[in-house]
Amino acid sequence: MEDLSHSEENYLKAIYNTTQGEIETVSTNELADKMNTKASSITDMVKKLSDKKLVKYKKYKGCSLTPEGEKSALKVIRKHRLWEVFLVDKLGFGWDEVHVIAEQLEHIRSVKLTEKLDEFLEFPKYDPHGDPIPDRDGNLELRTKMVQLNELEVADVAVVIGVADGNPSFLQYLDQNKIQLGTELKVLDLFDFDESVRIGMGERELNLSKTAASKICVERLEK
């Protein structure tokens with residue numbers, strides 16, 4: 001496969017991220033919103049990627065990645081998430097600061113550098129936000145027991161293993177409330193009125209809105 005431009009890599013990554021789970025295709029309008037650009041520009045790029053056999057595109061139905069396109073997207077995602085680990089663990093950046101920097105570093109082409117970085121970091125499985133890091137073959141170690149905090153029941157105990165929103169303001173909100181990966185918490189109450197959740201963390205208690213609780217990913221611990 002010929003070298004792809006930064007823009008092409010960004011599109012492949014966006015399509016991959018949007019078509020996970022039950023969503024198999026993404027429309028040009030959805031992709032335009034995600035990429036913050038015009039639908040006409042999306043169509044032009046998608047057709048270009050389709051010509052390179054990286055995207056399957058049907059007019060009025062949307063697009064999805066081919067196996068080769070998914071492979072290329074995972075290479076970019078692998079570099080992005082490894083750089084995020086490096087920035088947080090080795091350079092002391094906050095988890096709310098690293099996304100934009102990693103967006104720049106993910107386009108470095110050196111395969112040897114990526115493999116050396118992976119080895120230097122001792123082959124991490126997850127990035128600072130709890131997202132799985134693809135290995136050199138594109139395999140992901142998915143978390144099968146991960147649920148959203150607001151899916152728990154009263155008296156459930158869980159540990160935070162990820163976030164469903166990487167927006168810096170949300171991550172800063174978690175920092176302010178001393179919630180991070182590895183934080184153990186207990187559900188103290190669920191409120192029907194606004195679907196908020198009251199949690200306990202050691203001696204501290206905190207009320208979380210439905211929005212916040214739905215963006216905190218946890219693994220339930222055995223009682």
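**Entry 1: the model and its domains**

I am working with a predicted model. I looked up how the chain is divided. The domain assignment lists domain 1 (6–65), domain 2 (78–142) and domain 3 (146–220). I then checked the spacing of two of them: the C-alpha centres of domain 1 and domain 3 are 33 Å apart.

**Entry 2: the largest pocket**

I turned to empty space next. Rolling a probe the size of a water molecule over the atoms shows where such space is left.

I looked up the largest pocket and found a volume of about 1100 Å³. Its lining is made of 34 residues. Which of them lie nearest its centre? I noted Asn17, Arg81, Asp127, Asp131 and Val163.

I then went through the helices and strands around this pocket. Those that supply at least two lining residues each are α1 (6–18), α2 (28–35), α4, α5 (98–105), β3 (146–148) and β4 (157–163). Which element has the largest share of the lining? I found that α1 does, with five residues.

By class, I wrote down 13 nonpolar, eleven polar and ten charged residues for the lining of the largest pocket.

**Entry 3: the second largest pocket**

I recorded a volume of about 530 Å³ for the second largest pocket. There are 23 residues in its lining, and Ser72, Lys75, Val76, Lys79 and Val111 lie nearest its centre. Two or more lining residues come from each of α4 and α6. The largest share is that of α4, which gives eight residues.

**Entry 4: the cavity**

A search of the whole structure for cavities of 30 Å³ or more finds one. I put down about 30 Å³ as the space in the largest cavity.

The residues lining the largest cavity are Lys79, Trp83, Leu105, Ile108, Ser110, Leu113 and Thr114. At least two residues of this lining come from each of α4 (67–89) and α6 (111–120). By class, I have four nonpolar, two polar and one charged for the largest cavity.

**Entry 5: cross-check**

Note on methods. Residues are numbered from 1 along each chain as its sequence is written. This is a predicted model: local features need pLDDT of at least 70, side-chain atom pairs count only at pLDDT 80 or more; totals for chains, interfaces and linings use all residues. Side-chain values use heavy atoms; hydrogens and water are left out. On a 1 Å grid over the protein atoms alone, a cavity is a set of points where a 1.4 Å probe fits but cannot get out, and a pocket is an open set with protein on both sides within 12 Å along at least five of seven lines; lining residues have an atom within 4 Å of a point. Grid points are joined across faces, edges and corners, and a volume is the space filled by probe spheres set on the points. Helices (H or I, at least four residues) and strands (E, at least two) are DSSP runs, numbered from the N terminus. Ala, Val, Leu, Ile, Met, Phe, Trp, Tyr, Cys and Pro count as nonpolar, Asp, Glu, Lys and Arg as charged, and the others, Gly among them, as polar. Domain bounds come from an automatic or database domain assignment.
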